Amino acid sequence: MRKWAFRRHSGIFKLPKTDPACKQLSWKKTVRKHAYLRIFQALLCGVIVMRPEDPLIFLEEKIKEIMEKGLDAGLWYMCIDPSLRTNLKRIAETYLSALFGLEDEQLMTTELCTKAFDFYSRNLKKFYFRGWIKYHLQRKNKRKNTEQKMALAAVHYKLQKIRVIIEKWNSWAQIHKEKNTLATRRLQQIFNKITLNAVLKAWRAEACSSLKTKAYFESLIKKDQEGGFVSSESLSYQPVKCKTSHLPEEALLQIFRYVNLVDLARCAQVSQAWKVLTQNSSIWSDINFSSVKHKVQDKIVVNILQRWRPYVLRLNLRGCLSLHWPSFKSISECKNLQDLNLSECQGLNDDSMRLISEGCPSLLYLNLSYTDITNGTLRLLSRSFPNLQYLSLAHCRKFTDKGLQYLGSGRGCHKLIYLDLSGCIQVSVDGFRNIANGCSRIQNLLINDMPTLTDRCIQALAEKCEQIMSVVFLDSPHLSDTTFRALAECKLIKVSIGGNNRITDLSFKLMSKCCPYIRHIHVADCQKITDAGLKMIAPLKYILVLNLADCIRIGDGGVKPFVEGSSGATLRELNLTNCIRVTDASVTEIAQRCHNLTYLNLRYCENVTDAGVGALGNMSSLISVDISGTSISDMGLGALGCSGKIKELSISECQNISDTGIQKFCQDTKHLEYCHVSYCPQLTDETVRALAFHCPRLTSVSIAGCPQMTDLCMGYLAAACRYLHFLDISGCIHLTDKALKYLWKGCKQLHVLKMLYCRNITKQAVLKYTAKLEKREHNNGDPPPWLGYDRNGNILTFPKQELQA
């Protein structure tokens, strides 16, 4: 109020900020204009109050007076006589003066004080009311958040209760399942014993009868010799020889080396000649218990090793979970043992290794992966195996960096050239430095599944290990180009790295400069590798294997220059899986340049069509081709079969291929062994018929996700494919128990059978016809939506929104 009065009485009226005139005039002009306004106001007030007889003369005099005093001295009352001016009372500076009457001439009255007090009270009430509302809203929000948290806590508690109940139920079900399995096994053993007793009784009766017959004829011979009318030669019998007896002994021994221990024991019971062959020392120089790991026990191992211990050179006990101290004691008695595989042996510990170390000083190869060894075992290695060259400690988590220091101390493992530390996440930079100090001759290094591996670890190792030739770093996401800069001094021949988003084209540049003899490059799922990096390694001359799977930035701009480079003619394996920028131009260039290429993977290369795949049909060296998920049709597949030498073919998820294309391909290809045509719902029994009758050497077939297949196709396979080992019929909803009966009769070599989502195959048939298989998978549920059809084989159509999602 005070400020407004001052402006009113002083004659100052500010123009608004939004006035266009204020924006155009300068500051000086604005001030002068305000002065003129004040003078005009003063003159006007003077004329109105004074009422002169001659206003013009009055105005002339006042203007002269104003000009003498200056424009800045202009006030609204300057043209009025002092006697006619009104006396203005000043406004009190404080409300106390008004309340206590300290100033008589003040302008503030009781009514104004009341209004001011009411105004102040209202503002104060508004302030406190807003504060109260804010506090109330905060309490309300807090209470709401508390209720939400309590609801989440209740849901969490309920889920935890359900989880505990399910875990207990699962453990109970597992225990009962194990009990049922144990009971079944015991019943089977009893049945086998009863059967064996019956066989032995029948054999004993036959042997007794044979002995009686032999004794009878011997008595006749003696009588005839005494009588002189019958010669003993007429009653003698020549031994009957089997067909294998015509083979040389060396060939027979080579055949028996491929037989596992159980079958070797059976062969020894066939005839006396086979028994002699199975007891040849050369067969027992390499003993593989891993092939019968679920059956082997300490007693079996001890008996075999006790008999053949002087001849045993290689011993494989991988996955033998039932071995304990007696077996390891028998291993220590094999003084000439050179190769020992103890991977996944749960009974192995430091004490067991101490037994082995006391009796096997010649050991060269040692695999201790997936065991519970500690630093004590590593100290034993450095003391007892000075000639050790190959060592695997993969996924051994109980040793530390100190244990790796033992490898190079004392006599040490200074001759070590192969080391596998995959999955040993406890090893730090100091551990790798310890390896470098004691084992500087390492040539092959495997460090897979190690997310803690960093560039510093490799730098510490490469400082002294300059003979490294092969490195494998799969699933090590923290490595970068610095790793290859540290390995620049090593003459690398093989590089494998995958699942890494920090490796760039700079690593390829380092390979091109520092690794002129590199042969194997594996950089799968390295997103930062581009065509520029591929161009950098084009001048290398000796590359045999190149894996660029899931490198989505690779396209024709990199593949064509590489194929045209020095290694194009010598390349044997090329993997371009999911390289969506690769087109027919690159595939055609591969067909023209890569004359020694045997393996080619173009899986999910969507831009590859019949033009590119047809060019591959002219390659005489191509053996394995994977064109799953491409855009080829029957024409391209028919042209691919023109080479006639393809052994492995995968055309899964190729929607444009029909029975006609596969029939045309099979007519020209007689050597096919591996064929996967899964997830092609348009294929019928005619596809399997063509495969079975034109390609009888098939060992692996997959028709998963083909709903039009019937039992007839299994009849085709069983009739022609006698060497079938692997079969996947998952999602073939029309197959019944009759299909399994066909396979049981015809495919005697079948080992693995997958029957997921086969709702018409019963569990009884699975148990009856597939009991002797090594591995089988079965469920009779409905096919999932991702297969693309329902339980009746009808193709599902999804809305566009779901497809985009």
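Colleague: What is the mean pLDDT of the chain?

Modeller: This is a predicted model, so confidence comes up before anything else. Of the residues in the chain, 87% reach a pLDDT of 70 or more. The mean for the chain is 84.

Colleague: Where does pLDDT stay under 50, and how many contacts beyond four places in sequence does the model have there?

Modeller: One such stretch is residues 1-25, with 21 contacts beyond four places in sequence. Another is residues 227-241, where pLDDT also stays under 50. For residues 227-241 the number of these contacts is eight.

Colleague: Which residue do Arg163's side chain atoms meet in a salt bridge?

Modeller: The structure holds 12 salt bridges. The N to O distance is 3.2 Å, and the partner is Glu167.

Colleague: Which residues form the positive surface patch, and in which helix does Lys144 lie?

Modeller: The patch is formed by Arg139, Lys140, Lys142, Arg143 and Lys144. A residue counts towards a patch with over 30% relative accessible area and no salt bridge. Lys144 lies within residues 110-227, that is, in helix 6.

Colleague: Which residues is Val302 in contact with, leaving aside its neighbours within four places in sequence?

Modeller: Val302 is found in helix 10, residues 298-308. Its C-alpha atom is separated by 8.4 Å from that of Ile331, 29 residues apart along the chain. Contact requires heavy atoms within 4.5 Å. With the neighbours within four places left aside, Val302 is in contact with Pro326, Ser327 and Ser330.

Technical notes. Residues numbered from 1 in each chain as written. Predicted model: local features only at pLDDT ≥ 70, side-chain atom pairs only at ≥ 80, totals over all residues. Heavy atoms only, no water. pLDDT = per-residue confidence, 0-100. Patch = residues over 30% accessible without salt bridge, like charges linked within 9 Å, V, L, I, M, F, W, Y side chains within 5 Å. Areas by Shrake-Rupley, 256 points an atom, 1.4 Å probe, with all protein chains shown as cover. Salt bridge = Lys/Arg side-chain N within 4 Å of Asp/Glu carboxyl O. Lys, Arg positive; Asp, Glu negative; His and termini not counted. Charge placed at Lys NZ, Arg CZ, Asp CG, Glu CD. Helix = DSSP H or I, 4+ residues; strand = E, 2+ residues; numbered from the N terminus.
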